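Please open the model in the viewer and keep the selection tool at hand.

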Amino acid sequence: MIELKRISKWVMVGNKPNFILKDINLGIKEGEFVSIMGPSGSGKSSLLNIIGMLDDASEGEYFFLNQAVHGLKEKHRSQLYKQYIGFVFQAYHLIDELTVYENIETPLIYQNIKSSERQAMVADILDRFQIVGKKDLFPTQLSGGQQQLVGIARALIAKPKLLLADEPTGNLNSRQGEEIMDLFKELNKEGVTIIQVTHSEKNAGYGTRIINLLDGRVEL
Amino acid sequence: MHPSSFTFAWRNIRKYPAFSLINLGGLAIGIAASFVLLVYSQREMSCDRQFRDHDRIARIGTDFFNMGGFAPSQPFLREFLRASCKDVQYATALMSGDLMSVRTQQQDRAYTAIRAYYIDSVFFKVFSYPVASGAVPQAGLAPGQTILMEDEARKFFGSQDPIGRTIYVAKENQPYQIVAVLKSSFQKSHLDPRLFLPLPATAIGKFDGNWSSASLYNYVKLTPQGSMAGLQRWLDRLREKVIYPTSGAIMSFAQWQASPKNVKFTIQPLADIYFHSNLNFELSPGGNLTQVKLLGAIGLFLILLAIINYVNLVTARSSVRSREIGIKKTFGASRVRLGRQMLLESLFFSLLAMGLAVVLIRGILFAYKWATGIPLTGPMSLTPMHYLWLLVFSLVVGMLAGVYPAIYLTAFKPILSIRSLAMQSGKGNGRVRNVLVIFQFMVAAGLVFSSFVIYAQWQFMQNKDKGLSTQGVLTINNLYTMGKRTAAFRQVVEQQAQVVSTSLCERAPASNDIVMYTYKTPAMSRPMTIPSFPVDARYIQTLGLHLTSGRNFDKDLVSDTNSLILNESAVAALGLFNPVGSTINGSERVIGVVKDFNYASFRQKIGPVVLRYSQTGCMLAVKISGGHVNAFLDQLNAKAKEFTGGEPLEINWLDDNFAKLAEKEKLLGEAITFFTALAILLATLGLIGLTLFTIERRTREIGIRKVLGANVDQILRLVSRDFIRLAVIAALVAFPISWWLMNRWLEDFAYRIHVGVGTFFLAGAVIVMIAWSVVSLLTIRAAMANPIHSLRTE
């Protein structure tokens, strides 16, 4: 599903390149549940951003479902990730001005899905996550765990093949964190490929494979 | 040492340079523009009030033969006033001279177009002009003495002392010795003398019993006990006891009062002359009260806009400030203390803005003069006193701008503030801000709409079918210098290739000339006074009047010396059904009718006019075609020299005459456009600030939406939608109000436009376009930015 070849990312500091990622080769198959681990500043989030097509690599090739992402124009790339990728963030990143319902609905609006269809899809997912009763509340009225639940619901609403999660439990207490990880595991069983960035060995244990990063390189 | 509030404010300014610049710039523009307008209005409103005891000074105008009233009156009225009017302390008569040439050496080149007033011995007892140097002679100017205004003295002599020097006035190089120089004043007056000369005794002459003359401007200063009513009673008695008996009429006083031979007087208090005098031969063009009020109101609006800008921008940044205030509160700062700090900050800000405003004021005055050709606040622009007022004004603005932020920002509970959750409790504040933005856009929309209407009316006046063709028509006004050689001169003019037609006449449309005759049909009981144009047979052709029935005058028909041509209004006014062929005044025959043509301001409806056949005239109207006008005029002047004895021709273009009539409207239009542009600029600055703030606040949201798949278009729409909604609401509120105001303004015009739906749409489109483009331009960068930057978790 994902094929990274000799991916490097650097920023220029003065006249010297400062490498964030260096020479990464990585393949991820459909149905995997991968955890990316490593200390702060090792390039975990950068790698995730590149996989999520939010950022460009400075060098190297990236194939997603056999399409060469590095050769795509911005417009096509966003088409691609709109269709196949869902994002979950550590800080949830819900829109404060919108209700739970509206937050979940937003990605569908940007995919030009009809209103009646949207209603059905949002209703399904609210039901599945058991948050129907909260649909008219605003994010600030929810606990962190509930907010992250909404964030995941939003990421899944468009039925992505790949779920990218950047420290999804970082802001949650351990019980809430466990619930989220259980949910991930369940989703993975249903066929969703998941890549998560995490600090926690325990969370990494939920996955099928662990990739360790150190100073921008994959540790073997 | 702990930084003072000012240091703190200064650091705050430097920390957010773009934001501070917008805020400072907006405040400075507001202060500068509104200050200029307030100074302008104040100067206009206090015209002539600088003279000591101005409420005891009045002018007496006169009217006879129902000619419409004159600002000057009978030359010997002064003697009657002095002899028997108990209410009057001083009576003075002055004569307004033509524009003259002045030389400082007999052989020097002359300074031209200097306005001279001929004054009598008590002029300065009535009008208290401050003296700059020399002394005004107690007994008045002796023959050969003169007094100058400061500006003229500087122009003639530079920095040298002008007292005791001699100037040579007019063509004859009449010598006058300078005895005093008067201070130039910022204040406006309807009197605009540059040079005072002694009034010659011949100007008053001997009383000859002729009350149908008006050549001197008679001003009186009442005694401290005197009253205008007393003066009025004295004038009434004068009419009954002196004027009526000398008229020699065989009718009762009551009948005489109703007849055209009646002589009337008008008393004009000094302060009323500038705005309210509509008499003929006024000394200087009057002011327009509507315009002054309108511009004054715009001035107030502009400063309101600037204050709102400040309030909006400061409270918009409450999330930043609330953290600071919260921390200070936790350490025990009281609300009063924090409020005082906010106030001091806005005062500091307004002082900085004032510094900028001083530069801007000069810029605005310069730009206004450059754009309109007329200085807004007179030749002196500003005095040191004004800068003191500017300081006071700026401090007041600073106070007003600081009050709301001081109350609003210091009200946060410290815990909320520190966690910067103020945003949630700030919902109400957002509403206040929206109302303020709506208000700003309302003012801008109203002004845009008004300037469109005024411009359209002005255009309409320029393009309206005047019933005559003014293009290429000029009049030569000083035929009197040619004497009997006028006919020969006319032949020379007609020989020029560009000349289409010439006409000898005594009156041109839209000029200052007044000719009145009385007319009476057999059916009428009383004669009617109608403006008349004594003209020759080529007048209709030269001015392009339209003959609708009958025929033109014929110079070969002897009988035509008694012929009249009426305009359509005159036909109606005289009640003629078959005008051509009818007889008026017993022996005068109507031979033709012309379409109504404009000869006065568009504010008045075209009235009755009679063309009278006359073969002599004091001016020559010339119609030319083709280009090279300047070359033609040079050639004409060269040829004219031998006829005029060396004097240049006095030439007036008919187009200029009409332009002068529309000058007030043009000026108003230009002033409004100018300050509308500033208002839009202010509203735009406010919008820029708010948009920047909105973007800053919504960066995260924009990032999330982009990650969720929104494209740049959708983001732009999201952000600009709110602002456009505000602009539309503002326009909807502003248009009815300004429509009503503009209709009241248009009611003054007999010939006016009607404001169509198109104007609303156009003005609305302008406002919405401005809002949309400002917001879009600012948002596009945020919309294009990579969301990972805004979503980074720290």
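This is a predicted model: local features need pLDDT of at least 70, side-chain atom pairs count only at pLDDT 80 or more; totals for chains, interfaces and linings use all residues.

Residues are numbered from 1 along each chain as its sequence is written, and chains are lettered from A and ligands numbered from 1 in the order in which they are written.

**The sheet of chain A**

Select the strands of chain A that form an open sheet of 6 strands, ordered 6-7-8-3-9-10 with mixed pairing. Helices (H or I, at least four residues) and strands (E, at least two) are DSSP runs, numbered from the N terminus; two strands pair if DSSP finds at least two bridges between them. Strand 6 (85–88) and strand 10 (217–219) of chain A are the edges; each has a single partner strand, so one side of each lacks a neighbour in the sheet. From one strand to the next, the twist averages 25°.

Within this sheet, select strand 3 (residues 33–37) and strand 8 (residues 193–197) of chain A, which run parallel and are joined by 4 bridges. Val34(A) stands opposite Ile195(A) of strand 8.

Residues are in contact if their C-beta atoms, placed from the backbone, lie within 7 Å. Axes are lines fitted to C-alpha atoms, for helices over the stretch in contact, and angles run from 0 to 180 degrees between N-to-C directions.

**Helix 3 of chain B**

Move to helix 3 (residues 77–84) of chain B, whose buried residues are Leu77(B), Arg78(B) and Leu81(B). They cover an arc of only 100° around the axis, which puts them on the same side of helix 3 of chain B; the arc is that of the directions from the helix axis to the C-beta atoms. On the other side, Ala83(B) and Ser84(B) are exposed. A residue is buried if 20 or more other C-beta atoms lie within 10 Å of its own, exposed if 12 or fewer, and partly exposed in between.

**Strand 16 of chain B**

Which residues cover the two faces of strand 16 of chain B? Ser563(B), Ile565(B) and Asn567(B) lie on one side and Leu564(B) and Leu566(B) on the other, all of them buried. Strand 16 pairs with strand 18 (residues 588–594) of chain B in the parallel sense over 5 bridges, and with strand 19 (residues 610–613) of chain B in the antiparallel sense over 3 bridges. Select Leu566(B): its bridge partner in strand 18 is Val593(B), and in strand 19 Val610(B).

**Helices 2 and 22 of chain B**

Now select helix 2 (residues 17–45) and helix 22 (residues 663–707) of chain B, whose axes come within 10 Å and cross at roughly 160°. Among the residues making the contact are Gly26(B) of helix 2 and Gly686(B) of helix 22.

**Where the chains meet**

Finally, display the contact between the chains, which takes 15 residues from chain B and 16 residues from chain A. Helix 22 of chain B gives the largest share of the side of chain B that touches chain A, 5 residues.

Technical notes:
Two residues are in contact if their C-beta atoms, placed from the backbone, lie within 7 Å.
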